[in-house]
Every structure is written in structure tokens, then in C-alpha cells.
Amino acid sequence: MLVPINWLKEYVDINTDIRNLSDKLTMTGTHVDSIINMDKNIKNTYVGKITKLESHPNADKLQIVYVDLGDKKVKLITGAKNIRENDFVPVAIEGAVLPNGMEIERTDFRGIESQGMLCSYEELGIDSSLVPKESRDGIIIINEEVELGKDIVDVLDLKGYILDLEITFNRPDCLSMVGIGRETAASLNTEFNYPEIKIINEVDDVNDYVQDIEILDEDLCSRYYSRVIKDVKVGPSPLWLQRKIMDAGIRPINNIVDATNYVMLELGQPLHAFDLDTLEGKVVKVRRAKSGEEITTLDKLNRKLDEDMLIIADESVPLGIAGVMGGFDSEVRKDSKVILIESANFDGKSVRETSKKLGLRSEASSRNEKDLSNEIVVDACNRVCQLIESIGAGTIVKGVIDKGEKESKIKEVSMKPQSCNNLLGTDIKDEKMLQILNSLYIESRLEKEKIISKIPSFRKDLKIEADLIEEVGRIHGFHNILPKPLEGNILKGSKSELRKVEDKCKNVLYGLGLYEITTYSFISPKEYDRFNVKKDDSLRNYVEISNPLGEDFSSMRTTLMPNMLKVISKNSNHGIKEGMLFEIGNTFENSNKTIPNEIRKVSIGMYGNYDFYSLKGVVENLLNKFGFKYKFKVEKNISSFHPGRTAKIVSNNIEIGLMGEIHPDVRGNYEIEERTYLAEIDIHKILENKTEEKTYKEIAKYPSVTRDISIVVDEDILVGDIIEEVEAMSIDNLEKIEMFDIYRGKNIENGKKSLAYTMVFRSSDKTLLEEEVNGKYDKILERLKKLFNAKLR
Amino acid sequence: MEEKLQKIQKSAIKEIKNVETKEEIERIRVKYLGKKGELTLLLREMGSLPKEKRPIIGKMANEVRTILEKNIEKKKYEIENVEKNKRLEKEKIDISIPGDFPDVGKRHPLLKVKEELEDLFLKMGYDVVEGPEIDTVEHNFDALNAPPDHPSRDKSDTFYINDELLLRTQTSPVQIRVMKEQKPPIRIVSAGRTFRFDEVDDTHSPMFHQMECLVVDKNVTLANLKDSINHFVKELFGDDMKTRFRPHNFPFTEPSAEVDVSCLVCKGEGCEACSYTGWSMELLGCGMVHPKVLENCGIDPNVYSGYAFGMGIDRVTMVKHKINDIRLLFENDIRFLKQF
């Protein structure tokens, strides 16, 4: 919301400088986004009257202009097309400096000296979107008698400041000069003056002009208030009016439209003017559009309407889209004679939805889509009549047509001063609270230790005690409230068990040298194809977003792995040839419950100079931290992974994760050159399995006996199978068994391999004898021969 | 005998003095003290001495032996020392060559800031609480008092799964979950992923991160809220940071305020980054929990009051590390991650 200070001053005494005003407004809740300085330092530019125009003898496109500046006359050359004799125009003479840095000198144009320059709005520093049609692409035509030689800065009021304000959703009343006026008066503690609304002359009767006005859909229009103006003379507005609305960000159109815009800016109520002669049957019907109806709006675009949209119609066709934009056919034109002023209160939600559906937002719709007062329609309608009368643009017809309901009940909200001080942590006196509320035009009185406030119709946001407390607090100033530490018991903060596990995982993984990544929760459904997920895999049972930001963001991930591959792919293609990464994040699983299951997982990705066992080492380091038993089981059937280099991680017969080398096809899909290893582990499963307690076992006192065993077995036998089997024998005093060598080749049959293990025997209460160990060794060997067809090498 | 002994001692000491290697010293030891050494041989002649002289000479001979042994040991030690020093000198390395041990990993800067914030509040007695990324419209909007026609509910602002479920647009639904389950006193911090319908550019991302705190108890005031925020801002950004509370509007708090913090670049002097205002704008939103929100969760607003405040973690991370493009946080380029 743009608020020119000079305009604001019409309603409120401003007894301070711009900086302080801006701070005061900001600190009481009207945030000043920026202060625009209108002073462009324009010098030596004056109003002149064109006395004579001649064509340039040596150039077809140039004219010689003779201008009377009052105390002097100048001759200059221009290429402008929009000027005529007797026009009043701005003239920059020798020595002038314009906002764009241009310095004016006497210049020779094809043999004739030019002693100055006629100026356009743009050259005087005004944004071209605000320039009225008749002055666009050309010189400013000042369409009224101005004292010749007067400084253009004064004539066009090119000075002072404009505030750009951020208005919050709950305060549509502040989308107006009077709204900001009230706020300013309250924050500066000065007087606010509401404009005096008075029409001098009224003739005829409104019923002579309008047959009927009918609200057919009262749920979307609570009040429709209108008046008629006759003998309308449509033309450019007076300069002051044009300049005022331009500074507030609206382009002048013609005097009628400008007047409605002026009142909208002043009082916050959007208005519309119809050419009454175009209304069939001289009736207005406020109703929902019928299916198939269309309208050409003011911007000359044809728009299809639907049954949820409220329109203004005559006997048969739509005249405008209620609260959003008027129709082209009923627009006020140069030759309009009688006009109907609409001042109406529409349902905010409906306006917002319509404006959104049509992709059509206007100054009017941005106000109408909020909860506006339905009382202001009266003042707004009369104010625009007053304005049109005062600029001589028409004669006001007596009487009004007021349809719909007036908000009758005056709402009262009460506040206990004690509650106010309790919530704010302050010690504000009752009288001060009353003074603050009354300064905001919230009429308040003290009754039996309660402040009773009458809520004005423009403050629909004030509904409960806390709302009044906020009013007192913000005008008192939050900055004037002294901070106080919380009272009560000192509490001890805690974290969920799941988070503790997550934090521990992170610490292990950082420690092992992995980099943490974080990626979006949503992925493209195509990722499941790229990751070669089988058609019937439950990973494809994802939760879908109904209104995604494109397909790439449309499904909630069921696994972290595709994102990991995307990150690896990107890095690999940036020439980074190796990396160890991890992500901890949620995955989402469709469920019968209302809310999908969110499963927190850790994914680990390694590429470059690593192999399966590097990844396995990381996984083991991670899981060992949690003290529970788990196994790796051969997994050949996961299409995303290498069939011979993949393992399920299992604990208590429940799968807790998966790890392995990525299938070359998948690597191809992701354009990763290096072999890539991925693991994904369910953190909830770690939480379920972890064992907290660690008990100290006495450090062995007696020496151990070590025996190596070297056997030849079939290639298919796994190193781990043998260890598992030996451990399952529960041999007394066998402390551990470890593989230390695998050998294939010379002296070993094809399809076989030689495995060498070290076994450590130790007793906790004596030194073991050779013979005791020999027996155990033989037992183990026998078992391996029997189970694995192992041969001693 | 005595003379002989003295002679041996003298010549041996002289010889010891002049040797330079371990081998030479060993040779000297053998020469004098070995089985066939001069001193040993001399002692064998003890039997030929008169009886009364034997103890005297014996004592003397032992003294000489001790002296020689000590001298030899000392010399040995000296020689070893010289040799050791020579060896150490040879072992000299170039310490400017970089270390060779696997580096520790890197924490993601955004998550690091998130966890630091959580820990900060944990120490101040707040429970760290998490909520689901997919939550109900009821938790995300209705219970938080968002008006039915509030623009934030639009499909052009919020991602929906269906009519009842959405991707949470804020961490505030966690407040609702906690207040519905837990009786005051409540003191929680909740941080995590949030989602809004924003196209990706250098300052926007459809996924971003928020953190917020909620305190509900008897007699909680706006003055307490200011104190907590001031404390936290100083912890996070340094003791010289100031705050400014500007009244604002949020559906779930009343009164509400936005908090500006001294410009993180110039600390309030005024610079280009803060448009010469001295303030980093809108770093936090806060307010006293709206009575309707308390009621919606079954907490009596006549007995309890509370405050809540929240902030964008992505923005704080970016300001803190001078990261100029939010996309960097989610691209996970190793060259980026390496820097933190």
C-alpha cells in the first residue's frame, strides 16, 4: 500500500519527520517496507504555454515550438506529436537537470537553435505504468490554466515522501488513507479527521433512472448501495486528482474512473461506475453466473464464467464480475451521459476464488477479497458523488438504492485490565488502556473492572479479549515491555529415543569420514523406473501429491536410495571421482491409517575407490555401536543390485536393511561411471534391537593356544557359513575363529578354493594343554568334512 | 703388585678414553677384565702373596675392577648416545608433507545449524519433539486457527495429498500434537522439513526447514517471550546482537510480532545487506498462543497461557555462512559440503 505523506496529512496532523513517523508506524504494527523520496531534484523546469507551432524547414519529423513562460519566451525544437497550440506544458530550459541526469543546454537542431526541452512524465521521474493515456509517448499536457512560469515541481507536486506499507491479512481497513490516518494518529498521539462528506446539489429522483436493483444471491453480496449521476462530462481529471492517484500507484483513466479510484484509496471501499444507458431494462441483478455465460472485461479479454462466480447483470447479460472487474460493454466512455455508481459488499472468499480462477487481480479485488465493513459502502458512494460534483463532471441525482442488510448489531468485546497486564507482563494503568483503545476509534468504557469496547464495523478482526490486548500492547509498544525470565520449575529437556539413535548413527558416520547430504522428500515416480524397481515391488506403493510442482516433485519417497544415486551421479559427472555419503531422512509408506507411516532410514552411498567390503565395514561399524547381533544374508533377486554382490542385513530373522553393489544397468541409468555401493537401514529397527547395557568381561589371565586350519571346499561355500557352523558347535574354550586367507589356483582343483582360518582357544581358569586343544581341533575338522565336504589341505 | 695394579688402571683408563666404537671398548674390556684379561691374570697371582697382604691387595684389585667397569660403562653409554643421535639425525623427515590418515566426515551445514538450535533449547529445558512431514489439514490449519479462507490454504500455496492430508507448511502442527497429548507445563522445540508451493530459485525452495518453540504454563507473558528470544538470539549470533519486536499478525498467536535482529553483516551499523536499516528483517515470528488454539487442544486459556516463536533455518544457515543460493543446500555437491 502506497501512502503519499501529503495526502495522509489531510486526515492527520503529522508533527514529526519522516524517519520518526516511519519508525512509529513500524513499531505499532504498520510495517514500513520502504520510504520513497519523491524529490527528484528537478531544477529550471517551468510551465509554459505553446503559442505557436511551426514545422522545421529542414526536418520532417521535427517542429519548432514557441513557448510563453510568463517572464520570458523561448523557442525550441521537438519531435513530440501530442502537442497543440495553447497547450500548457513543462519546459526544461537552459541549466535544467532532470532525474535521469540529463542536462539541458542550447542545442542546434539542423540549423535552428533549441533553447530548451518539453518534458514527458518519464523524463520527470514517473514510472511509465502510471502515465495517463493522453500523456503517454509524449509530452505532459497540463489540461488546465496554470500560472505561466510556475515551477513544475510545485505544479505536479513532485516532492515529499511516499510510504510503502505492508498491510497484514487481518487489517483490510488499512488499505486506505483513512485507515492509515487512524493508525498514524494513534501512534503519534495526534488528531485524526474523517473527511466531511456533503453533496451540494441533488436533482430528479433515482427511481426515474433505475427500474430495479435486486440481490439474487444474498450469501455472496450482503449489501448493494448505488446512486445515479446525470449530465456526465467524461474527460481527463484535474491535475491534482491525477497526480494524487498516480503517487498512490494508480494510473489516471478519466475523471469518473479516477474519482472512484480516489475514493477506493481514501476509504478502502472499491467502487464501480456503469454507463446506465447500456443496461437493458435499467435493472441490476446481483447473481451467480450461469453455466456458459461469458463476458468481455475492461481489459478487452473474453472470460468464461462458471456457476460459482458472482456477477452483476442486467436483464439478460453480465455487466461485470462482482468485486473483480467491470465489463467492457457497460464501461464509462467519453459519450456516457448517465452513470450508476456501485458501492457493494461482496463475499471475500468468493471474490478471491473468482479472481484466482480467472487469473485476474486488481486493486479492487485485492480489497474485496477481504472481510470489509458493509457500512462503509454508504460513505464511499456519497463521497464519490461529492467528488464528481466538485470537479464538475456530473450532476447528482437525488435518492439512493440500498439493497441488502445493514450490519445492525454493534458488537461489544470486553477485556479485564488485569488479564491484559497478565498476558503482556506489564503494569499498564486502566486509563491508559482506555486512552489507547479510544485513540484507535474503538469506543471503550470501564465498567465493573472490565473494559467494554464497541467494535467499529471496519475492525472485524477484533473478536475476543486477546485481540484487544494486542491493540493495547502494540500501541503501548512491544519495545516498551521489559523482558522477564520465565518463572516456574527448571525443566530438563529430553530427546526421543529414535532421535538418540539417529544422532548416534550420525556421529559414527561422520567419524568414519562420510559426508552428510540432505535431499527432497518428494521424487519423480520415474525414479523407481530408473532404479529398476520391479513392477510389483512395494517400493512403488508411494503416497502421491495431488497438486505437485510438476512430475519431478510428485511422489513421496519410499526409499532414500534413488536420491543418493542422483547426488552421486551429479558429483561423479562434476569430475569428483570418489565419495562416501550418507543421508538420514524419512520415507513414506501408504497405510490404512489416516496418516501415512513415516519411516526414518539411513542411506549410505560410496563410489570410486571402494568395494563391497568397504561398505560392509561402514555398516558393521555403524551397527556394532548398538550392541545387537545381526547377519548378512545373500540376496540375489533385487533388480536394482548386483545379483552376486548384495546382502540383506537381518537381525532376529527380521530384515533391517540392505546393502550391496548397484547393478550396472542402474548405474547406466544414472550415468555413473564408477562402481557404486549403497546401503539402506531402517533406524526404527535399530532402535527396536539395540541393547543398552554393556557388561565388563574380565580380561583373560591365561595364555591362549592358537591353531590354524586350512581346508579346501567348493567355490559356493561361504567363508561366513563355516564360521557360523563352527560357532554353532559351541566348542568349550573356543574364543574366536577368523578367516585369514583365501587361495585359488595352483594345486587347487577348479571350482574349489582353499580357506585358512585361525582359531584361538583359551580357558578362563587355567592354561590349556596341547592335548586338550587337539581334541577340539579334530572335532571341528570332522564337522567341516561332514558338512561342507571339506578336505584338509 | 700394587704398582702393577696401578699401572693396569692407568693404561686401561687411557685406552678407554681414546676409543670411539662399541667393538673397541669391548676389546678393552676383554683385554683387562676378560677371563684372560690382565687384571684377571694378575689376581690369579694373589696366592703367591704373603697372607697378611692378601686382603689389602684384594681390596685394591676390586677397586681397580670397579673403576674400570664404571669407565667402560660410561664410555659405552657415550658411544651409544653418539650413535643414537646419528641415527636420529638420519631419520629426519619433511614435516611439511600433508598428513596421511582418513579425514573425518562433514556435517551438512543446514542440519548442523538445526541440531545446534535444538541443543541450545535442550539445555534451556525444552524437549526436542518431532512430527510427521505429512500431517492433517486439521493440525496444520484448523486447530491453528487459520481462517477457512486464508490464502495459505490455497492449492497454489500448499501441497495436498487429499482433502484431509497435506505436506505440513510449518512446524506448528507439532505444537498441536504436543498440546493435545501433554498437560502443561509444556516446553518444546521442534525443527524439521516444511513445504510450500514455491518454484525453485535462488531464494525459494518447495522444501525448507523451520524451527519453533512453544511454552505453555501458568502466568506465561509476552515479557517472558521477549526474554527467551533475546537470550536465544545472543546465544546464536553473539552478545552484541539486538532485537526489535514489531507487532504483526499470525492466525495462531495474539498478540503477534515479527522480530528483527541486528544486521548479521554489519551488526547494526547499516550496510548494503540491510539496506542501511541496521536490521535483518523478519528473522523470527512470535506471539502469545491464541486462546482458540489452546482451547482446540483442550487447554483452558483462563488458566494457562503460552508463547510460541519460530524461524526459517535455511535462511539462518545462509546468513551465517554467507551462502547466496538456497539450491546449494539441497544439491549436495561434495565441493560445497567439504567447506563446512
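In chain A, three strands form an open sheet in the order 1-10-2, and the pairing is antiparallel. Strands here are DSSP runs of E, at least two residues, and helices are runs of H or I, at least four, both numbered from the N terminus. Two strands pair if DSSP finds at least two bridges between them. Strand 1 (2–4) and strand 2 (31–37) of chain A are at the edges with a single partner strand each, so one side of each has no neighbour in the sheet.

Strand 1 of chain A is joined to strand 10 (residues 161–166) of chain A by three bridges. Within strand 10 of chain A, D164(A) is the bridge partner of L2(A).

A word on the source: this is a predicted model, where local features need pLDDT of at least 70, side-chain atom pairs count only at pLDDT 80 or more, and totals for chains, interfaces and linings use all residues. Residues are numbered from 1 along each chain as its sequence is written, while chains are lettered from A and ligands numbered from 1 in the order in which they are written.

Overall, chain A has 20 helices and 39 strands. Its C-alpha trace spans about 130 × 85 × 55 Å along the principal axes.

Now the contact between chains. 73 residues of chain A are in contact with 68 residues of chain B, contact being C-beta atoms, placed from the backbone, within 7 Å. On the chain B side, helix 8 (residues 222–237) gives the largest share, seven residues.

Note on methods. Two residues are in contact if their C-beta atoms, placed from the backbone, lie within 7 Å.
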